[in-house]
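Hello,

Here is the structure I said I would pass on. My notes on it follow below.

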Amino acid sequence: MTTLDRDESHVPTLAGALVTAGRTLPLRVAAPMAVAAGLALLLAFPPYGVWPLAPVGVALLAAAAHRRRLRAGAGLGFLTGVALFAPMLAWTNLHTGYLPWVLLSLLQAGYLALLGAATAWVSPLADRGRWQWPALTGLLWVGQEALRDRTPFGGFPWGRLAFSQDDSPLLRLAALGGAPLVTFAVALLGGLLVAATWRGWEARRDGRPEWWLTAAVPAAVVVAVGVVSLLVPVAAAGGGRTVTVAIVQGNVPRLGLDFNAQRQAVLNNHVDATLELAARVAAGAERQPDLVVWPENSSDIDPLRNPTAGARIAQAADTVRAPILVGAVLLGPGPGQVRNAGILWRPDTGADMTQLYTKRHPVPFAEYVPLRDIARQVSDKVDLIRNDFVPGSTPGVVRVGPATLGDVICFEVAYDEVVRDTVTGGAQLLVVQTNNATFNEAEARQQLAMVRLRAVEHGRPALMASTVGVSGFVAPDGRVSDATGFNTREVVVRQLRLDDGRTLATRLGWWPELALAALAVAALAGAGVLRRRQRVVPG
């Protein structure tokens with residue numbers, strides 16, 4: 001038995017167990033720590049928003065998996081994943097039954113199982129140079145997220161560490177390296193917590209009077225990282241022209257999947273709310289908007305093929321005297337196919353087919369069903385999706401006239417490249433059209449946190465328009481304005497200053513993530529070499 005596998009004398013306290021030098025933590029201590037790690041990470045995300053708990057969660061998992069066999073490390077990571085994702089993704093269980101929620105939660109937890117195994121694998125490197133632990137922890141988290149964001153079926157980036165930092169000073173790092181750099185910084189701080197606690201306890205156990213210094217130095221580094229983050233410049237306001245934008249949150253008669261059965265009512269809600277806005281503008285009580293944004297699924301009736309739906313949207317655009325970006329479900333291009341689209345509807349002239357964005361990343365098992373015959377054997381609910389949504393092929397760059405929009409639809413805001421492509425294509429204002437009628441307020445607030453990161457990442461004003469909430473505007477420094485309530489009908493209007501500049505993150509694109517992920521792979525390879533030299537047999 002090697003030092004990686006020993007479970008020696010009982011340690012009477014959690015602190016002692018966490019940092020007992022040369023020993024693997026007893027499983028009776030490590031397993032609760034792994035669960036606590038998941039719960040700490042959960043509380044860091046909206047709607048709770050206790051963002052300092054994110055590094056704590058990272059630290060707990062890193063300590064629990066350290067020096068364990070690979071299978072044990074994977075099991076501990078899986079416990080953390082279940083504790084995090086099962087409650088975080090509970091909104092997928094609201095209207096479709098428990099099975100999609102369970103399967104998605106377990107799938108996402110599987111990636112943290114890989115992280116736990118990887119953490120166990122690199123233990124020799126961390127022991128060889130204890131202050132390598134923070135960097136190793138950061139690299140492994142970035143690598144895990146890079147894999148989870150892309151697999152399977154295009155990935156599911158929900159729950160990235162970066163998305164927990166919407167109120168944190170670390171959010172500003174997004175302007176330098178996007179979400180991957182923010183994730184790295186959060187995990188780095190978690191690694192510092194582990195290394196500081198471990199080294200401090202070793203020094204105190206050995207009776208060294210300077211034990212406090214070994215803990216104080218990394219604590220000072222943690223503070224320094226926060227201070228440096230605050231010094232990262234982010235745009236407080238753009239340098240371009242000012243436009244007035246209105247968000248129409250029309251609401252739905254009833255939350256749930258049957259919002260599709262309420263299609264005419266949902267469209268009427270958005271038309272009527274826009275007509276009320278036009279009346280306030282005419283009375284001088286509100287600014288004349290240059291653009292009105294409706295959310296995803298505001299017209300689930302194809303307005304290009306249904307004259308009544310088209311006439312109602314035209315009435316709204318003509319009356320408010322501004323173009324409307326309409327979230328519409330369009331039939332085609334082939335039989336049995338539909339598109340989730342944002343289409344610009346201009347006053348007097350109607351639908352502008354040159355300014356049409358089709359969602360590029362439809363959600364598997366929600367907007368289309370891969371492997372339908374196999375999926376049907378798991379659940380017949382897949383047949384609720386009768387027509388598969390087909391993906392678009394071009395970025396969501398929509399030119400209104402006074403502004404160029406970067407349109408992304410719903411979950412697309414979680415994908416780095418989908419948002420960045422609009423900015424490199426000329427977008428001056430980021431627009432997220434979403435429909436949260438089948439979810440809840442927690443999901444909506446998690447999504448708004450992503451919008452905040454994207455605004456800072458690309459130095460752009462942004463907005464989120466939802467059918468039921470939460471809608472609102474986001475400044476280029478991440479501040480939220482005019483956020484609406486949930487399950488309410490509201491219209492908010494705001495002047496925004498556009499921006500054409502590019503942040504370092506926009507220029508670098510996927511290179512920071514690639515570099516960090518490559519270093520993670522190198523660390524895994526280096527640990528393998530060191531294990532062979534030490535003749536340690538992995539479990």
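**The sheet and its helices**

Val474 stands opposite Val480, the latter a residue of β12. The two strands concerned are β11, residues 472-474, and β12; they pair in the antiparallel sense over two bridges. Please keep in mind throughout that this is a predicted model.

The pair belongs to an open sheet of six strands, ordered β7-β8-β9-β10-β11-β12, in which the pairing is mixed. At the edges stand β7 (397-399) and β12 (480-481), and each has a single partner strand, so one side of each is left without a neighbour in the sheet.

Helix α13, residues 416-424, packs on this sheet and touches β7, β8 (404-409) and β9 (429-434). The direction of α13 makes about 165° with that of β8. Helix α14, residues 441-458, lies across β9, β10 (462-466), β11 and β12. Relative to β10, α14 runs at about 160°.

**Helix α3 and its two partners**

Two packed helices are described by the angle between their axes and the distance between the axes. Both values are given here for two contacts of α3.

Helix α3 covers residues 53-65 and helix α4 residues 70-88; their axes come within 9 Å and cross at roughly 155°. An angle over 145 degrees counts as roughly antiparallel, and α3 and α4 are therefore roughly antiparallel to each other. Their crossing is right-handed. On the α3 side the contact involves Leu61, Ala64 and Ala65, which meet Gly73, Leu76, Gly77 and Thr80 in α4. Sorted by class, the contact of α3 with α4 has four nonpolar residues, three polar ones and no charged ones.

The other contact is with α5, residues 98-121. The axes of α3 and α5 come within 8 Å, with a crossing of roughly 60°. That angle makes α3 oblique to α5. The crossing of α3 and α5 is right-handed. Here Leu61, Ala62 and Ala65 of α3 meet Leu115, Gly116, Thr119 and Ala120 of α5. By class, the α3 contact with α5 has five nonpolar and two polar residues, and no charged residues.

**Backbone details in the loops**

Most residues other than glycine have a negative phi, and most peptide bonds are trans. Some places to check against that are listed here.

- The peptide bond from Pro46 to Pro47 is cis, and its omega is near 10°. Pro47 is in the loop between α2 (27-44) and α3.
- Gly332 and Pro333 are joined by a cis peptide bond with omega about 15°. Pro333 is in the loop between β3 (324-331) and β4 (337-346).
- Asn297 is not a glycine, yet it has a positive phi of about 65°. The loop that holds Asn297 runs between β2 (291-293) and α11 (307-320).

**Confidence**

The mean pLDDT of the chain is 89, and 87% of its residues reach 70 or more. Over residues 1-22, pLDDT stays under 50. For that stretch, residues 1-22, the model has 47 contacts beyond four places in sequence.

Regards

Definitions and conventions. Residues are numbered from 1 along each chain as its sequence is written. This is a predicted model: local features need pLDDT of at least 70, side-chain atom pairs count only at pLDDT 80 or more; totals for chains, interfaces and linings use all residues. Side-chain values use heavy atoms; hydrogens and water are left out. Two strands pair if DSSP finds at least two bridges between them. Helices (H or I, at least four residues) and strands (E, at least two) are DSSP runs, numbered from the N terminus. Contact means heavy atoms within 4.5 Å. Axes are lines fitted to C-alpha atoms, for helices over the stretch in contact, and angles run from 0 to 180 degrees between N-to-C directions. pLDDT is the predictor's confidence in each residue, from 0 to 100. Angles under 35 degrees count as roughly parallel, over 145 as roughly antiparallel, 65 to 115 as roughly perpendicular and the rest as oblique. A crossing is left-handed if the near helix is turned anticlockwise from the far one by less than a right angle, and right-handed if clockwise. Ala, Val, Leu, Ile, Met, Phe, Trp, Tyr, Cys and Pro count as nonpolar, Asp, Glu, Lys and Arg as charged, and the others, Gly among them, as polar.
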